[in-house]
Amino acid sequence: REFFNESIRSKADLTKITKIPILGVIGHSEKSNTLVVSNNPKSVLSESFRSLRTNIQYLASDKKSKVISMTSSVGSEGKTFCASNLALILSSAGYKTIVIGTDLRKPKINEYFDIKNDIGLSSFLSNQCNEKEIITKYSKNLNIIVSGPIPPNPSELLNGKKMDDLLLALKKKYDYVILDTPPIGIVTDGVILMNKSDINLYIVRHNYTKRNMLNIVNDLYTTNQIKDTHIIINDYQISSSAYGYGYGYGYG
């Protein structure tokens with residue numbers, strides 16, 4: 001059974017199949033809440049996001065403000081979970097942060113922050129409203145742009161000049177612009193957004209992501225089609241047999 005298990009089960013599994021560096025590890029939790037950083041600020045999981053925040057500060061150090069894309073191979077690997085909690089932990093440290101739901105095919109960021117999705121990024125990119133109308137203030141240092149209604153041409157909208165202009169404008173106002181993107185193993189939208197970002201974080205879910213799912217991102221990385229890419233291991237479960245004890249924290 002172990003021999004036929006094709007999922008990623010350890011850091012060693014990852015280092016064997018990819019040269020992309022591992023930036024951080026987010027653990028496992030039995031709790032079902034999604035915004036764990038705000039709901040459980042003293043938890044071990046919140047501390048793992050603080051550690052991730054510290055590591056990110058060393059990336060693209062030459063840039064005053066940074067656009068960070070959050071993507072993965074397929075759905076259910078924890079992109080929105082990581083993007084939302086990273087935004088919360090950055091904003092709690094005093095950084096002006098905005099998180100954008102750039103998955104125009106399967107919007108999800110609005111559910112995490114309990115915001116209506118009737119107007120958002122797709123509305124702005126299709127010239128139905130202006131920039132101010134799509135920004136929702138969530139807290140002192142955190143703003144949200146939801147995906148908006150599902151358009152018929154998401155790739156074209158995300159690849160257009162209006163998206164470039166929006167990111168340029170937001171970089172002048174915020175320290176961090178976080179993009180919750182679609183999985184790159186399914187559509188091209190994620191790759192488009194990775195090329196517009198300063199830092200690319202690739203989510204690999206422990207005991208869920210299959211090894212061959214990394215083929216696409218490996219090809220993009222080795223051919224230099226994407227830059228400054230790092231892996232985040234999500235939902236990492238520590239074995240209870242290790243050293244006679246065990247503890248869990250993370251994505252539920």
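In this predicted model, the side chain of Ser 72 makes a polar contact with the side chain of Glu 77, at a distance of 2.9 Å. A polar atom of the Ser 72 side chain also lies 2.8 Å from the backbone oxygen of Val 74, so that two partners can be named for this one side chain. Ser 72 is found in strand β2, and because its relative accessibility is 0%, where buried means under 20%, Ser 72 counts as buried. Once its neighbours within four places in sequence are left aside, the residues in contact with Ser 72 are Glu 77, Lys 79, Pro 183, Ile 184, Gly 185, Tyr 202 and Ile 203.

From Ser 72 the reader can turn to the sheet that holds its strand. Strands of a sheet pair through backbone hydrogen bonds, and they may do so in a parallel or an antiparallel way. Here the sheet is open and has 8 strands, which follow the order β1-β8-β7-β2-β6-β3-β5-β4 with mixed pairing. Its edge strands are β1 (22–27) and β4 (136–137), each of which pairs on one side only. Strand β2, covering residues 66–72, runs parallel to strand β6, covering residues 176–180, and the two are joined by 5 bridges; Ile 68, for instance, has Ile 178 in β6 as its bridge partner. Across β2, β3 (97–101), β5 (142–145) and β6 lies helix α9, made up of residues 161–171, which runs at about 145° to β6.

To return to Phe 113, its contacts beyond the neighbours within four places in sequence are with Leu 35, Ser 84, Leu 88, Val 99, Tyr 138, Leu 142 and Ile 144.

Finally, what does a search of the whole structure find in the way of disulfides? The search finds 0 disulfides.

How values were computed: Residues are numbered from 1 along each chain as its sequence is written. This is a predicted model: local features need pLDDT of at least 70, side-chain atom pairs count only at pLDDT 80 or more; totals for chains, interfaces and linings use all residues. Side-chain values use heavy atoms; hydrogens and water are left out. Contact means heavy atoms within 4.5 Å. Two strands pair if DSSP finds at least two bridges between them. Helices (H or I, at least four residues) and strands (E, at least two) are DSSP runs, numbered from the N terminus. Axes are lines fitted to C-alpha atoms, for helices over the stretch in contact, and angles run from 0 to 180 degrees between N-to-C directions. A disulfide is a pair of cysteine sulfur atoms within 2.5 Å. Buried means under 20% relative accessible area, exposed over 50%, partly exposed in between (1.4 Å probe, protein chains only). A polar contact is a pair of N or O atoms within 3.5 Å; within protein, one must be able to donate a hydrogen and the other to accept it, and residues adjacent in sequence count only if both atoms are side-chain atoms.
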